[in-house]
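Here are some questions and answers on a protein chain. Look at the sequence and the structure before reading on.

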Amino acid sequence: MVYLVAAASICSKAKYDYGEVVAKSILFYDAQRSGKLPANNPLPWRGDSAVNDQGDHGEDLSGGWYDAGDLVKFNLPGSSAVRVLLNGIVRWYDTYTALGQINMALDSVKWELDYFLKCWIPSKQIYYYQVGDGDIDHKFWGRPEDMTMARPAFSVSPSKPGSDVAGQTAADFAAGSIAFKKTDPAYSAQLLQAAQSLYTFAVTYKGVMPPTKYYDSNGYTDELCLAGAWLFKATGNQTYVNDAKLYHKNNVPAGLEWNDGLAACQLMLYELTHDDTYKVEIQNFLKKWKPGSSTPYSPCGLAYFDRWGSCRLAANAAYAAIWAADLGIDATVNRQWALSQINYILGDNNYKMSYVIGFGSKYPVHPHHRPSSCPDLNIFCGWNFYNISTAPNPHLLVGGLVGGPNLKDEWVDDRSDYVRNEVALDYNAGLQSACAGLTHLCITDELPPSPAPKC
């Protein structure tokens, strides 16, 4: 399987090879795979794992992606990541085709979609939203292939609702039905059917999913808005977009992340309706992120929202800005601002390094990530590789975006720093789609000049 194509052959005007970031991000998601791996697995240091994951009634729940540096499958952040990735694939399909990455990109998201299909059991009205216990998992440092701990499954049902995670997964299925319509019509139809039934479940039995300690939900209206919007886009049924409008809120969201999809809801509604009400909401959201707003900036120019995944949150906002520009909203300003954030992540920072592993000549080599920190499959791995080893991780976690620096642009390549040096499914999603959008602009000769770095 060929993964990497030099984007410079597509567009040499860009300061950084955004197409290469797209290709390497896809490879990161391969490193997160759980279950029985395919024959074309490109990573020899990953093997079959958690093949016996199952539900309370013996349902096969193998497959899917591990969440981050740990080995739990959390569907709330996972489904958020898939939605962002699918939107990038659907919106900037030309990018993936030009890069020779469309088959790899679809194969990548299909791995998680197939798992989500196993999680939704319409006949029992059960949706499994998590496999593995975070507390038990965090006591183990080793490769997923060697796990022996209990991996309980957690579900939502009519008596224990989870409209947030169910709604967001319904959005994934609807978006996937669009993405696969050309290449696999049968699979597209299967996804659409699942989207409709899971959406009905989510809106019939309303409530937030039970607390997980690690990814607790703060509401479900944003996910139901996104599900309705994507189902309208997939079917043309006006009822779905009417629902989306009802679940929409005109608040200014703090950020765009796994637990807050309101900005994406507003973008979807403007795209589908061209109602200027939503345009103003999007402008207010992006204004909040730009210099002179309430969002602080690091000395070198990173819009800093939170210490957890600072690069991730800036990349997500950049993705939203590129999407908004595509819709005709303050195109030049939004694209230039997005470039400033993505370029910071890729090298326009005080360390002159990339926060994307394997991109450029200087990047993290000690990420907080169990599988890549362990030696070859036949060698024991344990806490010594976490606590004692100061050597780089034995395997390069190509494409993984680490958390990022603090507000002072300070960052240390420390395996034990799970705040600034861990990777995660949702960390990469906005980055990959933002870089797909920038590559599209490069292809169409709409990419503005890169802003001058502040460091």
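Q: Leaving aside neighbours within four places in sequence, which residues is serine 217 in contact with?
A: This is a predicted model, where local features need pLDDT of at least 70, side-chain atom pairs count only at pLDDT 80 or more, and totals for chains, interfaces and linings use all residues. Residues are numbered from 1 along each chain as its sequence is written, and side-chain values use heavy atoms, with hydrogens and water left out. Contact means heavy atoms within 4.5 Å. With those neighbours set aside, the residues touching serine 217 are Leu76, Asp164, Val208, Met209 and Asn259.

Q: Is serine 217 buried or exposed?
A: Buried means under 20% relative accessible area, exposed over 50%, and partly exposed in between (1.4 Å probe, protein chains only). Serine 217 has 18% relative accessibility, so it counts as buried.

Q: Where is serine 217 placed?
A: Helices are DSSP runs of H or I with at least four residues, numbered from the N terminus. Helix 7 covers 185–204 and helix 8 covers 221–235; serine 217 is in the loop between them.

Q: Which residues of helix 9 are buried, and why do they line one face of the helix?
A: Helix 9 spans residues 238–247, and its buried residues are Tyr240, Val241, Asp243, Ala244 and Tyr247. Seen down the helix axis, they fall within an arc (taken from the directions from the axis to the C-beta atoms) of 155 degrees, so they line one face of helix 9.

Technical notes
Helices (H or I, at least four residues) and strands (E, at least two) are DSSP runs, numbered from the N terminus.
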